[in-house]
Amino acid sequence: SRQAASDLNINATMLRDWVRTLGAEGPEAFRGQGNRTSLDAEMTRMRREITVLRQERDILKKTAEFWVKECS
């Protein structure tokens, strides 16, 4: 570990932290600044879908109310 850190010209503690992070987060450990994890991306997608579904539900409610009034 110390030799690898020395070869990379970094502190051994930094290398240990990188290895620990990789073990904890797997392939998404070093995704770059501003890049989301797949879980974060999925949450964003689901929130958008929920917004659309709520809008569609509200439209259907208003349509049903209209038809109830028209048929009465």
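# Labels and cut-offs

Reader: Why does Arg-57 count as partly exposed?

Author: The relative accessibility of Arg-57 is 40%. Buried requires under 20% and exposed over 50%, so Arg-57, at 40%, counts as partly exposed. The model is predicted, and the value is computed from it.

Reader: What makes the contact of Asp-58 and Arg-57 a salt bridge?

Author: The side chains of Asp-58 and Arg-57 meet at 3.1 Å, N to O. The limit is 4 Å between a side-chain nitrogen of Lys or Arg and a carboxyl oxygen of Asp or Glu, and therefore this pair qualifies. Asp-58 is also partly exposed, at 33% relative accessibility.

Reader: How many salt bridges are there by this rule?

Author: The count comes to four. Among them is the pair of Asp-17 and Arg-20, whose closest N and O atoms are 3.3 Å apart. Both residues lie in helix H2, three residues apart, or about one turn of the helix.

Reader: Which labels do Asp-17 and Arg-20 get for accessibility?

Author: Asp-17 has a relative accessible area of 34%, so the label is partly exposed. Arg-20 has 55%; the label exposed needs over 50%, and therefore Arg-20 is exposed.

Reader: How do you know that Arg-45 forms a salt bridge with Glu-42?

Author: The closest N and O atoms of Arg-45 and Glu-42 are 2.8 Å apart, and the cut-off is 4 Å, so the pair passes. Arg-45 and Glu-42 are separated by about one helical turn because they are three residues apart in helix H3 (residues 38-71). Arg-45 is partly exposed at 41%, and Glu-42 is partly exposed at 34%. Salt bridges link Glu-42, Arg-45 and Glu-49 in a network.

Reader: Why is the pair of Phe-66 and Trp-67 called edge-to-face?

Author: A search of the whole structure finds one aromatic pair. This pair is Phe-66 and Trp-67, with ring centres 5.4 Å apart and 80° between the planes. Pairing needs centres within 6.5 Å, and edge-to-face needs an angle over 60 degrees, so both conditions hold. Phe-66 is partly exposed, with a relative accessible area of 44%.

How values were computed
Residues numbered from 1 in each chain as written. Predicted model: local features only at pLDDT ≥ 70, side-chain atom pairs only at ≥ 80, totals over all residues. Heavy atoms only, no water. Phe/Tyr/Trp six-rings, centres within 6.5 Å; stacked < 30°, edge-to-face > 60°. Buried < 20%, exposed > 50% of the residue type's maximum accessible area, 1.4 Å probe, protein only. Helix = DSSP H or I, 4+ residues; strand = E, 2+ residues; numbered from the N terminus.
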